[in-house]
Amino acid sequence: MGQLLIILLFLPLVSAVITAFSGRSAKYVALISGIASLAVALFAVVNFTADSSTQFVINYPWIATFGINFHAGIDGISMITVLLTNLLIPIIILASFKHQYKQESAFFALILAMQTGLLLVFTAMDAFLFYIGWEAALIPVYFICAIWGGKDRIKVNIKFFVYTVAGSLFMLLGIIYLYLQNPAHNFDIQALYNLSLDSQQQGWIFWSFFIAFAIKMPIFPFHTWQPDTYTEAPAAGTMLLSGIMLKMGIYGVIRWLLPIVPAGVQHWGETAIILSIIGIVYASLIAFKQRNAKRLVAYSSIAHVGLISAGIFALNTQGMQGAMVQMLSHGINVVGLFFVLDIISSRLKTNTIEELGGIAKVAPQLAIVFLIILLGTVALPGTNGFIGEFLLLMGVYQYGIWAAVIAGLTIIFGAVYMLRMYQGIMLGKTNDLTIGFTDIQGTEKITLYIICALVIILGVYPKPILHISEAAVQHLLEQVNQKLISVN
Amino acid sequence: MNIIITITVTALVVLYAGLFKAKKALLPLTLLGLITSLVFVGTSWDQNTVSYNMMQMDNYALAFSGLIIIGTIFIFLLTQNYFAEHSENIAEYFTLILFALAGMIIMVSYQNMAMLFIGIEIMSVSLYILAGIRKSNFASNEASLKYFLMGAFSTGFLLFGITLVYGATGSFDLTHINEYLVGNYKIVSPLFYPGLILIMIGMCFKIGAAPFHFWTPDVYEGAPSLITAFMSTVVKTAGFAAFLRLFAGTFAPLHDFWLPPLMVIVCLTLLIGNVTALFQKNFKRMLAYSSISHAGYLLFSLITLSSRSASNVLVYAAAYTFASIIAFAALIVVKQKTGKDDFESFNGLGKKNPFLAFVLTVAMLSLSGIPLTAGFIGKYVMFLNVMGQYQIYLVAFAILNALVGFFYYFRVIAAMYFKEGSELSLTLPLQYKIVLVFSLVITVFLGVFPSVILNLI
């Protein structure tokens, strides 16, 4: 079944090349490729046995001199992120249909190229390959944000780029260190899991990886690039960054950080949880003050990710499973939110909450779908956001009551600033600006209906998702605990 | 030996062809000669021919010869319409470049200190003239004079160093010197140490490592762009090969002695090269400073001597050479069009010529060390090499410098794609297209399948 993964990885890349040269029909080619990838991914889900094993494995020697193999595969944890990527890419492509981007073919080609990079990150079983994917996903999104972004895009994006690359270069340093420690001299994930490093080494490796992941997510205080970049990026760029790219950091923590340096995690995990919780409160407080809706959602994203990261570092099944579900849910919801804001700003040329108002009256359909997505984001029971945040809070609760209490604020805070945003934009009196607002139509409608359907279906029946990752998560935690016992 | 003979004969034939005004025949003749010598590189592989104990064509020498010959072929392809603007005497310039190449072949294959000196001199004298070929241009003259003065000065250091080493060991022969060092490890003559340091200084002058780099920016900026391209790619590679041949081979037993000064040189080179490049407004000058910083990364191969040191330098030099050739080719085209060579003249290139912009983007990504380009593999092998001895602070320092590099390399990308320029379209001459396509393919291919070059030597 390894061929399936090869198709999954390289279909977007091949399509990207075709898209780049297909001129005006680029967006259709891109959409077809996105849907085809989704179909392959769904086929993989159907054929996936939900145990702790890694399936669809491919393993070819690549750079033999340095023990680098093209080794990839999908286990329960990867499956969630692979599904997320392949689900969101066609949605993001569809959401970009109405825009009249200049040089459209390049735009869609870059989205597809990024998909390959993302999938490499999520399936790599070789640390070097993981690093390659990590950078390969960054370059396209940098160009998307810097070419089609707002007026401050150049300055903002070089900051974003250097921030991220700084993190990843130190991760590379850590990877090389692990390679040198590995008696087999390769980057194989299992070999790295089996390394026995003392706690001091683990501490250093922890930081070299953690900073890279923390910048990507982002966790306080590594988040300063994020609001500017999200605000200046074109809608598709924001969706790619917040919906999928951010999950690279979360996935990296689960896949590489926890099992390779468990003692480092044990020692520094508390710091990570504290930083995450500070991030939750800090980002929520700033979100209250935001006048620009896009910036508000950007800060809310920091708060949500803080909870996910706290749940992971709590090191228990609930927290981890919550993180898995929440990765998927947050991706769907945040893409939905940014799309709604994009619809508003492309019609009214503003995202400032005070200038808007009363859109619900003129656009009832948008009001409903916006509300559904919003409720998903604030974790109302019955929506997809609920189950993830519930599990995450349970996980954090097991770690410590006070941590859970403070982290639980995220739900209350979130409800307040999100609903206030909704009130400001959709409710109230229709003003001169919003009176001419036309309701959603065509591809906008399709996209938002799909997102709403996902919000509700995953909220009512999350079991298949939980089932996919459960065995893998259990196995991972057992592995971590065993290693901790042997170190201590 | 046959490689040098081929190149020298080609140079003379080209000179005669120029005498008979056969301008059209110059480039084909040159290319024919260079390709023949490239074939000789292939046939001599694994032969390890030693000529009169003066030169040894081992695989190390052959691999670097191959690289510099290919680099020179690319430079020659870029001469399309280039020299004709400056002068009537194109044949002389062709000949000078070929003589310089012959000198460089000696520099990568010498087995005797005297040959090292002769090789450097053959190369340098040709370059002094080439830097000044724009006779009526003030900057070109300044470059030529500066290069000559600094070059002569550094050769003095080198020569004095060689003399002292001769005084200590009684031989110019590399094998003898090495045997002397191994045999008298505890009682090496005190003459030897200053000799070694002087040779090191002389070589650092030649490769433009800090703090002996001051001539580089001025000379690179003042010299005609094509000659700058030649100096900063092919010549630099040859300089490194010569440096490495001496220090990683012959002087290896004294590694503990020359490592501390080398570390200082590496750190200074990285810092000065990167930080100064950051403040440049002129693309060509930025490339000059970035070439200094790349010299720093290249010197990483000497910090930890291993069986991989040579191939690390080869990989890095290849990555750097082809990316730089792209950068200079783009610079020449853009300058011909706009008359300027600052960053602004690249504005809007993404629209004016998407192909050139794309190739230049890949080159910049390679120079800054982004994965899937040759430049990343180059940086990776260097970092791995130094990490092998757990010089983590040094690698961390290099990483910080690499980050600075992103700022100035991405400035070019930003200008091309994110800024609006004039609407003039820009067409590429055919030969430029060939060079760009080949350099692009090599850059990406070495980035994706580096195995072909990693185990060459």
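UniProt positions are given here in the numbering of this report, feature names are shortened, and annotations may be inferred rather than shown by experiment. This is a predicted model, in which local features need pLDDT of at least 70 and side-chain atom pairs count only at pLDDT 80 or more, while totals for chains, interfaces and linings use all residues. Residues are numbered from 1 along each chain as its sequence is written, and chains are lettered from A and ligands numbered from 1 in the order in which they are written.

## Annotated spans

UniProt, in an unreviewed entry, places the feature "domain: NADH:quinone oxidoreductase/Mrp antiporter transmembrane" at residues 112-401 of chain B. For chain A, the unreviewed UniProt entry lists "domain: NADH:quinone oxidoreductase/Mrp antiporter transmembrane" at residues 124-410. Helices (H or I, at least four residues) and strands (E, at least two) are DSSP runs, numbered from the N terminus. Residues 112-401 of chain B are 79% helix and 0% strand, and the end C-alpha atoms of that span lie 37 Å apart. Residues 124-410 of chain A are 81% helix and 0% strand, with 33 Å between the end C-alpha atoms.

## Interface of chains A and B

Two residues are in contact if their C-beta atoms, placed from the backbone, lie within 7 Å. On that basis 23 residues of chain A are in contact with 22 residues of chain B. Helix H5 (127-148) and helix H6 (153-181) of chain A each supply at least two residues of the side of chain A that touches chain B. The largest share of that side, 13 residues, comes from H6(A). By class, the side of chain A that touches chain B has 20 nonpolar, one polar and two charged residues. Here Ala, Val, Leu, Ile, Met, Phe, Trp, Tyr, Cys and Pro count as nonpolar, Asp, Glu, Lys and Arg as charged, and the others, Gly among them, as polar.

The expected span of a helix is 1.5 Å times one less than its number of residues. The two helices are set out below.

| Helix | Residues | Length | First to last C-alpha | Expected span |
|---|---|---|---|---|
| H1(A) | 2-20 | 19 residues | 28 Å | 27 Å |
| H17(A) | 401-426 | 26 residues | 37 Å | 38 Å |

H1(A) has a kink of about 35 degrees at Phe10(A), shortly before the proline Pro12(A); the bend at a residue is the angle between axes fitted to the seven residues ending there and the seven starting there. A residue is buried if 20 or more other C-beta atoms lie within 10 Å of its own, exposed if 12 or fewer, and partly exposed in between, with C-beta atoms placed from the backbone. Buried residues of H1(A) include Leu5(A), Leu8(A), Leu9(A) and Pro12(A). Their cover includes helix H2 (26-46), E1, E2 and helix H4 (104-123) of chain A.

Strands E1 (residues 55-63) and E2 (residues 68-74) of chain A run antiparallel and are joined by six bridges; two strands pair if DSSP finds at least two bridges between them. Tyr60(A) has Phe70(A) in E2(A) as its bridge partner. Four residues lie between the strands of this hairpin, in which Gly67(A) takes a positive phi near 65 degrees.

In H17(A), the buried residues include Ala403(A), Phe413(A), Tyr417(A) and Met426(A). The buried residues of H17(A) pack against helix H11 (262-289), helix H12 (293-313), H13, H14, helix H15 (364-377) and helix H16 (384-399) of chain A. After H17(A) comes Gly428(A), with a positive phi near 80 degrees.

Met327(A) is found in H13(A) and counts as buried because it has 26 C-beta neighbours inside 10 Å. Leaving aside neighbours within four places in sequence, Met327(A) is in contact with Ile80(A), Thr81(A), Leu84(A), Lys247(A), Ile250(A) and Ile308(A). Met327(A) and Ile250(A) are 77 residues apart along the chain, and their C-alpha atoms are separated by 8.2 Å.

## Backbone exceptions

Most residues other than glycine have a negative phi, and most peptide bonds are trans. A cis peptide bond joins Phe220(A) and Pro221(A), with omega about 0 degrees. Pro221(A) lies in the loop between helix H8 (199-216) and helix H9 (226-232) of chain A. In chain B, the peptide bond from Ala210(B) to Pro211(B) is cis, with omega near 0 degrees, and Pro211(B) is in the loop between helix H8 (192-207) and helix H9 (215-222) of chain B.

Lys349(A) has a positive phi near 60 degrees and is found in the loop between helix H13 (317-348) and helix H14 (359-362) of chain A. With 9 other C-beta atoms within 10 Å, Lys349(A) is exposed. Tyr52(B) has a positive phi near 50 degrees and lies in the loop between strand E1 (49-51) and strand E2 (55-57) of chain B. Tyr52(B) is exposed, with 9 other C-beta atoms within 10 Å.
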